Every structure is written in C-alpha cells, then in structure tokens.
Amino acid sequence: MLRFIIRRLLITIPTIIVVISLTWTLIKLAPGNFYSGEKRLPPAIEKNIREKYGLDKPWYQQYGKTMGNILFHFDFGTSLRFEGQSVNTIIRRSLPVSAAVGILAYLLALLVGITVGSIAALKQNSRWDYASMALAMLGISVPNFVLGPILVLIFSLSLYWLPPSRWAGFPSRNLILPVLTLSAIYMAYIARLTRAGMLEVLRSDYIRTARAKGLSEKDVVIKHALRGGLMPVVSYTGPALAFLLTGTVVVERIFALPGLGNYFIQASLNRDEPLIIGIVAFISITLLLMNMLVDIAYAYLDPRVRYQ
Amino acid sequence: MVEPEIKIGSEEAVAEDVHADAGEFVHGTSLWRDAWRRLLKNKLAVFGLVVVVVITIASIIGPTLIKRIFGFTPDYIPTQNIQLVRSFPPFTGLDGKFSWLHPMGTDNAGRDQLARVLQGGQISLFVGIIATLVSLIIGVSYGAISGYVGGRIDNLMMRIVDVLYSLPYVIVVIVLLAMFRSQTPRGQLTLLFIALGSVSWLTMARIVRGQVLSLKNQEFVLAARATGVSAPRIIFRHLVPNTLGPVIVYTTLTIPQIMLSEAFLSFLGLGVQAPLASWGSLAADGAQNIAIFPWQLIFPGVTMALTLFSLNFLGDGLRDALDPQMRTT
C-alpha cells in the first residue's frame with residue numbers, strides 16, 4: 001500500500017510541473033501581453049511596471065521564479081488586473097463559492113444517481129428502467145448553459161420561487177438553482193454507471209450465493225451488490241471532479257457567482273498572467289491530489305487492484 | 001463469470017440469423033450486415049439515426065431553401081417598418097401579427113431564428129466532425145503504433161496518455177483559445193478544431209491499442225510479417241482496418257462530446273465568433289435575453305440537445321450492434 005502511494009506521488013508531482021509549464025509557455029508564446037490592450041500606457045510607466053513585476057527579466061529567470069514560488073512557497077504572485085491583491089487572496093476568497101456549489105452538486109448527483117441507477121438495474125427492462133435511462137440520456141445531452149437559464153425562467157421569472165442569481169453566503173436559497181444546474185449531468189452519468197455496474201454484479205456468483213443462503217433481498221442489494229456495483233462510480237470521481245470544475249465556470253457565469261471559474265475566465269480574457277497561472281496551478285494541484293486519493297480509496301475498496 | 005451468458009446470447013442471435021437466411025445460402029451474414037440488422041432492431045438507435053440525418057440535411061440545405069422560398073438569408077436584417085423591439089415570438093411577423101414566415105420567431109436584430117439555427121447547425125456539426133477527425137487520426141495512429149511496437153515504447157507511450165488523462169485539459173484549452181485569439185472568425189474556427197481535436201484522442205488511443213494488442217499475434221499478421229511487409233504497412237493496412245468496429249462506435253460518441261465542448265467554449269465567448277454562429281454562440285446570445293425573449297435561447301438550445309441526445313442514442317445502439325460483448329453496459 002505504501003509503495004502504491006509513493007508511486008502515485010512520483011507521477012503526480014511531475015504532472016503538476018508539466019501543467020504549470022504548459023500554461024506558462026502558452027501565455028509567453030501568445031502574441032501581445034497584458035499591456036497591449038486598448039489603453040496604451042506611456043512607455044516609461046510600462047517600463048516601471050514591468051520592472052516591478054519582474055517582467056523585464058529573461059524568460060528562464062521568470063520561469064524559475066514563478067515555478068519556485070509555487071512549488072516551494074505556495075505563492076502565486078500578485079494579480080496584474082486586481083492591483084495590490086495577491087493571487088492567493090483571490091483564490092482564498094473565491095474558492096469557498098466554487099467549493100460550496102461543486103460539493104453540493106456532487107453530493108446531490110451521488111444521492112440521486114445511485115438511487116435511480118440501482119432501481120433501474122434491479123428492475124431491468126421494466127418501464128421504470130427505460131424511463132430513467134431515457135431521462136439520464138436527456139441529462140447528458142442538455143448543455144448546462146441551456147438548462148440553467150431555463151430553470152431561472154421557470155423558477156425565478158415565472159413562479160417567483162427562487163432568486164435568479166448572486167451569491168448570498170452559505171447556506172442560502174440562492175444556491176438551489178446553481179447546484180441543480182451543475183448536478184444534472186453528473187446525476188445522469190452516475191445513474192448510468194451505477195446501472196451498468198449493478199447489472200454486472202447482480203449476475204455474479206457471490207450474489208447468487210448470498211441469495212442462496214437466504215439473505216433478504218434488501219441485505220443482498222445493500223450489503224453485497226452495492227459495494228461491487230459502485231466501483232465504476234468510485235473510479236468516475238476523478239473525471240467528475242475535473243468536469244465539475246469546468247461546469248462551475250459556466251454555472252458561475254450564468255448565476256453571477258464570484259467563484260474561481262469566473263475569475264479564471266476574466267483572467268484569461270484580460271491576460272492577467274499571474275492570476276491565470278495561479279488558478280491553473282491551484283486547480284491542477286487540487287485535482288491531481290484528489291485523483292490520488294480516489295486511486296488510494298479504490299485500491300482500498302477493491303482488493304483486486306492492490307496486488308497489481 | 002459473466003461471459004458464458006453473453007456467449008449464449010450471441011450464439012442464439014447468430015443461430016436466429018442463420019435460420020432467417022436459410023433460404024439463401026449463398027449470402028453469408030457478414031459482420032456489418034449482422035450489425036446493421038441488430039441496429040435496426042433497436043428503436044432508440046433508429047430514432048437517433050433518423051433525427052441526426054434529418055437535422056444534418058436540414059442544416060445543409062435549409063438556409064438555401066429558405067432563401068429560395070421566402071427570399072431572405074440568415075443574416076438578413078429587415079430595414080422597413082423598423083420598430084424598437086424586433087424580436088418576436090414564434091409564428092409572429094415583424095408587425096406583431098401571426099405569420100408563417102418565422103416559425104421560431106426572430107432575434108434582437110429581427111433576423112429569422114429558424115434560418116439562424118439551421119446555419120448554426122452547419123457550424124456546430126462541422127466543428128464536431130472535423131475536430132473528431134483530428135482526434136481520430138491522432139488517437140488511432142498513436143494507439144496502433146503503441147500497441148504494435150509494444151515493450152518499453154508502448155509502456156512509455158501509455159504512461160504519457162495516463163498523465164494527459166489527469167490534466168484539467170479544458171482549463172488548458174481555455175487558456176489556449178483566450179491567448180491565441182484570432183482576429184478572423186476562420187482563424188478562430190481552425191484554432192478550435194486543433195484545440196478540441198488534440199485533447200480528445202486519449203480514449204481512442206487506449207481503445208485502438210487494446211484491439212491491436214489482441215490482433216497482432218494472429219495468423220494474418222504473422223503471414224504479412226513473414227512475406228516482408230513493412231511495419232507501417234502492417235499497422236495501417238492490416239491492423240487498423242480490423243479495429244474499425246470499436247473505432248466507429250467511439251467516434252459516434254466523441255462527436256456529441258466535442259460539440260458540447262464547442263458550445264461550452266462559444267458560450268464563454270472563446271469559440272465561434274460573429275458573424276459565424278453555432279448553436280453554442282446562439283444560446284449564449286439568447287441566455288442574456290432569457291427574461292424577455294426566452295425563445296432566443298430555447299430554440300437553439302433544444303435543437304442542440306435533441307441532436308446530442310440522438311447522437312448519444314445512435315452511439316449506444318452502434319456499440320450494442322457492433323460489440324455484443326459490451327451489451328450489458
């Protein structure tokens with residue numbers, strides 16, 4: 001087990017360096033820079049600012065400094081656009097917003113997805129099975145930027161039940177629509193994965209044994225089948241986290257939430273280099289560490305993985 | 001554990017087909033005919049196929065047809081009877097009265113929405129297909145070479161795929177598109193193909209590698225090697241054609257994914273640029289007016305969802321038809 005964790009760590013760290021380097025290279029290779037916008041600064045002032053942020057140094061020194069600060073001090077530098085604010089401050093302020101929406105959406109998706117998927121598998125080829133799988137396919141096919149405004153139209157602008165946008169702390173009713181919008185597609189994926197996994201497990205020998213020894217159907221399903229049947233859902237956690245992040249970008253945009261995704265898009269459009277690199281680095285590190293945890297959990301849950 | 005049941009199932013299916021063909025012994029049932037028959041039995045897949053074909057044809061000939069019949073192009077902005085509000089609901093003319101002219105209503109500038117949606121479909125489908133081709137070429141070559149060469153190189157190539165898998169690639173694509181923003185809509189479209197195609201080949205590479213691994217020790221490959229056929233020729237003439245089934249299935253499932261990514265990027269203002277429009281950019285424009293002119297979002301959004309829905313069903317149906325072992329999922 002320890003060797004497994006060490007090996008995963010050895011892959012994770014170079015991956016983080018690759019992502020940061022890739023983003024850094026893309027930004028530096030692209031034509032223009034933060035100052036080449038519509039408002040031209042006088043050359044003397046631009047020179048001063050460049051010196052202040054260290055942008056006048058040769059590229060390898062800039063690269064070395066950025067990388068060193070991130071890896072050894074967890075310091076992402078200062079934002080160009082939001083003057084005087086460090087990237088760390090911006091991340092600290094916006095992360096709770098994204099995390100609240102993302103985590104709630106994922107929990108909701110797990111709850112609904114696993115329930116619907118298991119019932120569909122237990123009643124395979126029934127009307128319920130077909131209906132829920134068609135609904136799941138619909139969930140996968142409707143883009144969240146279509147679903148979000150439609151939910152707003154129904155629940156905020158027609159029925160006046162829920163607020164249409166804005167962040168109002170946690171918990172609040174403002175979170176309901178963003179969470180629903182974000183979780184729809186994961187509910188659908190998880191329901192499909194659960195159904196597939198359960199169908200396979202329900203046919204296996206150990207379930208037949210459990211039934212043969214006279215366990216109640218409830219015990220068979222909850223104690224035996226779910227544990228094996230949910231393995232695909234566990235391994236989907238990694239990709240789901242990545243997709244949740246991109247989903248929050250759109251959802252934060254629709255519902256005007258001051259989260260990480262919103263800042264990231266703004267930073268990309270403004271060419272706020274430290275902020276882009278900071279958010280990309282932060283997201284990659286979080287994502288890769290989460291993936292590592294998922295893999296370890298997977299190895300722990302499924303004895304077959306451990307011995308490989 | 002599971003395999004015996006599946007085998008019985010497919011043998012039965014074969015037996016059934018043989019029985020059905022008993023009258024005409026000369027025609028053997030080829031893999032493709034067998035798969036086609038199985039596909040036709042799947043109602044949802046047939047529904048998907050029909051919808052995809054109809055929407056594709058409508059997108060290709062629709063704008064021209066509307067020009068011929070009603071006399072306006074998707075970009076036509078009315079200049080007579082100009083009013084403050086030009087966006088009207090479905091089946092309403094620009095005078096606010098019932099009219100057959102605009103079955104999907106009009107947008108902010110008074111342009112016909114049906115024509116806009118059909119034209120947007122051209123771009124969305126085009127991006128979906130071209131970017132999928134890019135990913136297909138990279139993925140198939142990468143996977144086939146990795147699988148055929150084997151050994152250390154295979155190991156290294158697959159580790160690279162593993163590392164790329166764990167990257168938050170959409171984030172990198174956003175940075176790429178924002179940084180290299182092209183001044184011309186065409187330039188941006190090309191950038192979009194490259195960006196989307198170059199991040200979505202990973203699964204394809206894995207699938208093809210797996211297939212090649214199981215094929216490369218079969219007799220026909222040994223025979224080819226024994227007669228002195230070069231390695232690239234073995235890979236692309238002998239091995240790749242035999243992986244066609246899974247490749248087709250996965251390609252069908254990649255198109256909706258890429259179309260969704262394109263729409264997502266266009267929604268953020270990083271994808272297709274005006275004057276070109278895709279379903280994503282139309283929906284983005286519509287989302288801003290959702291409170292007053294909901295039809296501006298609903299029509300492009302629903303058309304897109306319907307297309308993706310159908311493509312997904314078609315893909316699932318093809319998988320069941322071409323790859324009976326995967327049937328359970």
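User: What pattern does chain A follow when read along the sequence?

Analyst: In this predicted model, chain A reads along its sequence as α-α-α-α-α-α-α-α-α-α-α-α-α. Along its principal axes, the C-alpha trace of chain A spans about 85 × 55 × 30 Å.

User: What is the secondary structure of chain B, and what pattern does chain B follow along the sequence?

Analyst: Chain B comes to 13 helices and 0 strands, and its pattern along the sequence is α-α-α-α-α-α-α-α-α-α-α-α-α.

User: Why is Leu151(A) called buried?

Analyst: The criterion for a buried residue is 20 or more other C-beta atoms within 10 Å of its own. Leu151(A) has 21 other C-beta atoms within 10 Å, and it is therefore buried. Its place is in helix H6 of chain A, and, leaving out residues up to four places away in sequence, Leu151(A) touches Leu177(A), Leu180(A) and Thr181(A). With Thr181(A), the separation is 30 residues in sequence and 7.8 Å in space, taken from C-alpha to C-alpha.

User: How many of the residues in chain A are buried, as a percentage, and what percentage of chain B counts as buried?

Analyst: In chain A, buried residues make up 39% of the 308 residues, and in chain B, 43% of the 329 residues count as buried. As for contacts between residues at least 6 apart in sequence, 75% of those in chain A join residues at least 24 apart, while in chain B residues 24 or more positions apart account for 66% of the contacts with a separation of 6 or more.

User: Why is H8(B) called roughly antiparallel to H11(B)?

Analyst: Helix H8 (residues 202-215) of chain B and helix H11 (residues 244-267) of chain B pack at an angle of about 165 degrees, with their axes 10 Å apart. An angle over 145 degrees counts as roughly antiparallel, and H8(B) is therefore roughly antiparallel to H11(B). The crossing of these two helices is right-handed.

User: Which residues make the contact of H8(B) with H11(B), and how many of them are nonpolar, polar or charged?

Analyst: H8(B) contributes Thr203(B), Met204(B), Ile207(B), Val208(B) and Gln211(B), while H11(B) contributes Pro246(B), Val247(B) and Tyr250(B). By class, this contact has 6 nonpolar, 2 polar and no charged residues.

User: How many residues of chain A are in contact with chain B, and what makes up the side of chain A that touches chain B, by class?

Analyst: There are 44 residues of chain A in contact with 36 residues of chain B. Among the elements that give two or more residues to the chain A side are helix H1 (2-29), helix H7 (176-202) and helix H12 (273-301) of chain A. The largest share, 8 residues, comes from H1(A). By class, the side of chain A that touches chain B has 32 nonpolar, 8 polar and 4 charged residues.

User: Which residues touch the most other members of the largest nonpolar core?

Analyst: This core holds 154 residues, and those that touch the most other members are Val101(A), Tyr186(A), Ile190(A), Ile279(A), Val280(A), Ala144(B) and Ala283(B). The largest share of the core, 16 residues, comes from H7(A). One of the residues named, Val280(A), is in contact with Val19(A), Ile20(A), Thr23(A), Ile171(B) and Val175(B), once its neighbours within four places in sequence are left aside.

Terms used
Residues numbered from 1 in each chain as written. Chains lettered and ligands numbered in written order. Predicted model: local features only at pLDDT ≥ 70, side-chain atom pairs only at ≥ 80, totals over all residues. Contact = placed C-beta atoms within 7 Å. Helix = DSSP H or I, 4+ residues; strand = E, 2+ residues; numbered from the N terminus. Nonpolar A, V, L, I, M, F, W, Y, C, P; charged D, E, K, R; others polar. Axes fitted to C-alpha atoms, helices over the stretch in contact; angles between N-to-C directions. Parallel < 35°, antiparallel > 145°, perpendicular 65-115°, else oblique. Left-handed = near helix turned anticlockwise from the far one by under 90°. Core = buried A, V, L, I, M, F, W, Y, C linked by C-beta atoms within 7 Å. Buried ≥ 20, exposed ≤ 12 C-beta atoms within 10 Å, placed from the backbone.
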